[in-house]
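This briefing covers a hairpin, a nonpolar core and a set of aromatic pairs. Please keep the structure open while reading.

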Amino acid sequence: MRKYIPFIAMAYLLTSCFRPSDHLAPPSSHSVTQASINEGLPALRFLVSPDDKSITLCTSEKATIWNINLANGARHQLGEEWDCNKLYAWRPKSRQVFFLREMPTGTGVGAILSVDADSSQTEVVVPDHASYFALSPDGQRLAYSLGSPGESQALWIMNLENTRTEQVATGRVGPFTWSIDGERLLYNVSNQQEHAQQPTPRGINHGYLATYSLTSNERRQITPEFKQVGVAVWSPDGQWVTFNATREQGENPEVFLMTSDGSALHPIGTESGT
């Protein structure tokens, strides 16, 4: 039984955080059929708008974003070719789509832009050198990292209502994610300096997890340093965090569980299930 514990714990937290809600399925009153939604548009992935009125498709050819009205099937392109090649997301509680436009394509960095899904009007939010972003659950803030591959990165937060920015961390900052209440940011930090591997969406090498509180402006390292630490996941109530990490070279990654302040850190199993 013990070997199933890590999978049960991870499954609970992952499905709780990303449990499909009613808005993921188009209401039965919509006239668009499943067959006609993306007819002629080979879709790589799609996202449902916060108000359930449309979906955006990222095409598998030239990574182009298309908006499709679920009521009548009307469709139009948003932005330019390759705009969803890296990352794109709906801004919560809005009709705006945010995306990372690589400049030039393939570099992994570029500008963060927003586009109105109805008017197609595009606005530059972060002009250059952005490599990743995450929108807060209430849609009021944008967390983003700046820095080219092979260089140090800086983690910033922008208030989207007044465009004020605040630098949260510097160095080799890896993936980051908002707490459910949008009051804390959880991020990976690497201590590896020379010839370090660039942080990826999977995690970082020679690093640890840290948090930033918007209410207290406090930055805290909440785990010891690991040989490799993966992306962390918040529990639905924001009280717990789970992640996988490797303590020593050659060891199997372990699954860890801890409270959101880093206390009660303990392994609950390994990825191999033992």
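Which residue takes a positive phi in the hairpin of β11 and β12? In this predicted model, glycine 182 does, with phi near 70°, and the hairpin has 5 residues between the strands.

**Strands β11 and β12**
- The pairing of β11 with β12 is antiparallel and runs over 5 bridges.
- Serine 190 in β12 is the bridge partner of arginine 172.
- Because 7 of the 7 residues of β12 are buried, this strand is largely enclosed by the rest of the structure.
- Leu185, Tyr187 and Val189 point one way from β12, while Arg184, Leu186, Asn188 and Ser190 point the other way.

**Largest nonpolar core**
- This core has 16 residues, and those touching the most other members are Leu155, Ile157, Val168, Phe176, Trp178, Leu185 and Tyr187.
- Two or more residues each come from β10 (153-159), β11 (165-178), β12 (184-190) and β13 (203-213).
- The most come from β11, with 5 residues.
- Not counting residues up to four places away in sequence, leucine 155 touches residues including Val168, Phe176, Leu185 and Tyr187.

**Aromatic pairs**
- The whole structure holds 4 aromatic pairs.
- In one of them, the ring centres of phenylalanine 226 and phenylalanine 243 are 5.8 Å apart with planes at 70°, so the pair is edge-to-face.
- Phenylalanine 226 is in β15 and phenylalanine 243 in β17, so this pair ties together parts 17 residues apart in sequence.
- Phenylalanine 226 and phenylalanine 256 have ring centres 5.3 Å apart and planes at 55°, so their pair is tilted.
- That pair links β15 to β18 (residues 254-259), with phenylalanine 226 and phenylalanine 256 30 residues apart.
- Ring pairs join Phe226, Phe243 and Phe256 into a cluster.
- Phenylalanine 226 is buried at a relative accessible area of 5%, and phenylalanine 256 is buried at 3%.

Note on methods:
Residues numbered from 1 in each chain as written. Predicted model: local features only at pLDDT ≥ 70, side-chain atom pairs only at ≥ 80, totals over all residues. Heavy atoms only, no water. Core = buried A, V, L, I, M, F, W, Y, C linked by side-chain atoms within 4.5 Å. Buried < 20%, exposed > 50% of the residue type's maximum accessible area, 1.4 Å probe, protein only. Helix = DSSP H or I, 4+ residues; strand = E, 2+ residues; numbered from the N terminus. Contact = heavy atoms within 4.5 Å. Pairing = 2+ DSSP bridges. Phe/Tyr/Trp six-rings, centres within 6.5 Å; stacked < 30°, edge-to-face > 60°.
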